Amino acid sequence: MRPLWPAIAPTIAFSCVLGCLAPPPPGSQSADPDAEGATSEAGAVVDPARSVAEIYEVGEVRGFEFTQLGTQIGHSWGRYEGVVEVGGRSVHEFSTKVELLPPGGKPLRWASQLHLDDAGLLVDGWERSVAAQLRFSVDLGAEVLNIEADAGLEKIEHQELNYRPEVAFMGYMSTLHEELMLAVRELVAGENEWQLVSLSAGREDLWSAKVEKTGKTVVLDTSLGEEIWLEGGRIVRIEVPEDELVVTTMAHPRWPEWEISGPARLSYTPPADRRFEIRPVELPGQKGEAALFGEVLIPKPEVHGPGPYPGVVFLGGSVSADRYGFAGPPAVDLGYHELTDALANAGFVVIRYDERGVGQSEDAPSSWAGQQLDAQRAFRTLLVQAEVDPDHILAVGHAEGGWRALKLAATRPKEIVAVALLASPGRSYRELFAAQPDILAALESGEGLPEKLEPMAQWYGEILVEDPEALIFKAHVPIWLAQGGNDFEVDPVADVAAWQGSARKYKRDLSLVRFPELDHHFKPSEEGANHTSYLEARPVDPAFLEALVGWAKGAVSK
């Protein structure tokens, strides 16, 4: 199972540690073992273990501010709710809320609630954001921590971790959890260590700290790169020097009013004005190829008149999207169903399908070469539909799906009469990675890749050889280029200029339409938006759909 915390806190651009981290008391900025009152005898108890009931008053709120390079980047709150009954036993309930403040973007927020016994052992709980929800439960008899991850998609993932009474736990950037971890354990001068489970990441690691005491202040230098100051079992300051990150306590914290309901569950509903029928199909392939499934949208003859009708092959840009454009985790609606529905309503026979390993399609390695073969299978499946006019077919591609559309047009010049490039990159991946030579070299060799790129290593290695200019050269069809002005994935200036330059060079018919207020998925977006905005339920812009349909009708009428 992949680490889950990116789903809880998507696109976090801050350098932080799992239990982030109030000003230290005068004179406590460094732990000097020779200072007055310092305890340096190894093994001496410098902070006693406490029961959970001793640490906080019921309803007490703890608040922390995150500052990096002098700029406030977020907050973390924790509250002790008191003793509650769960499953016939009395447990202590703790709530946390975390908020990060990305530059120019909307706050990233998530929350949690955990139940602990008197000794501070985890019983159960949950952690959620708009992207995903995790549920935890512990079976101490079996020494198992169960984690259930719901990202709003069809499949709910499950993971089991070994969990013993001596193992600590922590949620992502929930400072209260770190405070609890330290308060319920006996700290001794010198080395301290125990196993720590990251609830958000679903992994266990060794945690250690060198501990010293100066006066009333206990200072820890941890294996996570933190320097922590404690007084009376409470965190008063945490620093991460390498990241220039500091977290300080709020003087009078107030519990935030915002709530997190968890991820929306994506499901497809045909439009109320639907003027097409839906035909499930399997995309025939060669022996040994992954089974692919999708559907063909057929215009209703009583509305559109007798066929045959022009056709559309729709090719998405994500390797993890189903036929409707639902991708993830975290669950994101890319809006593909709105595009294909609009074209079908306008009288086109449209094929859309689940990518490999998504929806009903059989699992297979993420492969750019494989995606090109899948596009050919989709085209052939469309071509044999009785309702299709085989001489009037369009290839419509979003993002890298536009590259596949051009390649399809180059191999099927008699049938494909035009191509739509929707927010497709006009520069090669080799050019895009030029400023990151280490990553480029790793992608070329397949060795030393960053962990987050490893699952897509084959796909990246294969797409590196593609050159959009060469794709333009080989495709002798009119091209409609649509680009959103608030697209932060494809550069509205540099990538568009690259397409236009290639079209001029090879005298290709390319028409550009800009949508200044729209994002990568042609949905209304504010300037400075980030990936978090993709998690919000927003429709594709009606004006864009109208322009797409208008272009399609004109392209097949020529």
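Entry 1: I started with S17 (residues 245–249) and found five bridges joining S17 to S2, the two running antiparallel. I count two strands as paired if DSSP finds at least two bridges between them. Helices (H or I, at least four residues) and strands (E, at least two) are DSSP runs, numbered from the N terminus. The model is a predicted one: local features need pLDDT of at least 70, side-chain atom pairs count only at pLDDT 80 or more, and totals for chains, interfaces and linings use all residues. Residues are numbered from 1 along each chain as its sequence is written, and side-chain values use heavy atoms, with hydrogens and water left out.

Next I looked at S3 (residues 71–86), which pairs with S2 in the antiparallel sense over eight bridges. There, Phe-66 has Gly-74 as its bridge partner. S2 and S3 form a hairpin with two residues between them. Leu-69 in the turn has a positive phi of about 55°.

Is S2 enclosed or open? Six of the eight residues of S2 (residues 61–68) are buried, so S2 is largely enclosed by the rest of the structure. Buried means under 20% relative accessible area, exposed over 50%, and partly exposed in between (1.4 Å probe, protein chains only).

**Entry 2: the open sheet.** I traced eight strands in the order S18-S19-S23-S20-S24-S25-S26-S27, with mixed pairing. S18 (276–283) and S27 (510–515) are the edge strands, and each pairs on one side only. Neighbouring strands are turned by 20° against each other on average, direction ignored. Inside the sheet, S25 (residues 416–422) and S26 (residues 479–484) run parallel, joined by four bridges. Ala-420 has Trp-480 in S26 as its bridge partner.

H7 packs on this sheet, touching S20, S23, S24, S25 and S26. The direction of H7 makes about 165° with that of S25. H13 lies across S20, S24, S25, S26 and S27, at about 160° to S25. Axes are lines fitted to C-alpha atoms, for helices over the stretch in contact, and angles run from 0 to 180 degrees between N-to-C directions.

Entry 3: At what angle do H6 and H7 cross? The axes of H6 (residues 368–383) and H7 (residues 401–411) come within 10 Å and cross at roughly 55°. That makes H6 oblique to H7. Angles under 35 degrees count as roughly parallel, over 145 as roughly antiparallel, 65 to 115 as roughly perpendicular and the rest as oblique. I noted residues in the contact, including Trp-368 and Phe-379 of H6 and Trp-403 and Leu-408 of H7. Contact means heavy atoms within 4.5 Å.

I then took H5 (residues 336–345) and H13 (residues 542–557), whose axes come within 10 Å and cross at roughly 45°. H5 and H13 are therefore oblique to each other. Glu-338, Leu-339, Ala-342 and Leu-343 in H5 meet Phe-544, Leu-545, Leu-548, Val-549 and Ala-552 in H13.

**Entry 4: two residues.** Tyr-429 lies in H8 (residues 429–432). Tyr-429 counts as buried, at 11% relative accessibility. Lys-505 sits in H12 (residues 494–505). Lys-505 is exposed, with a relative accessible area of 54%.
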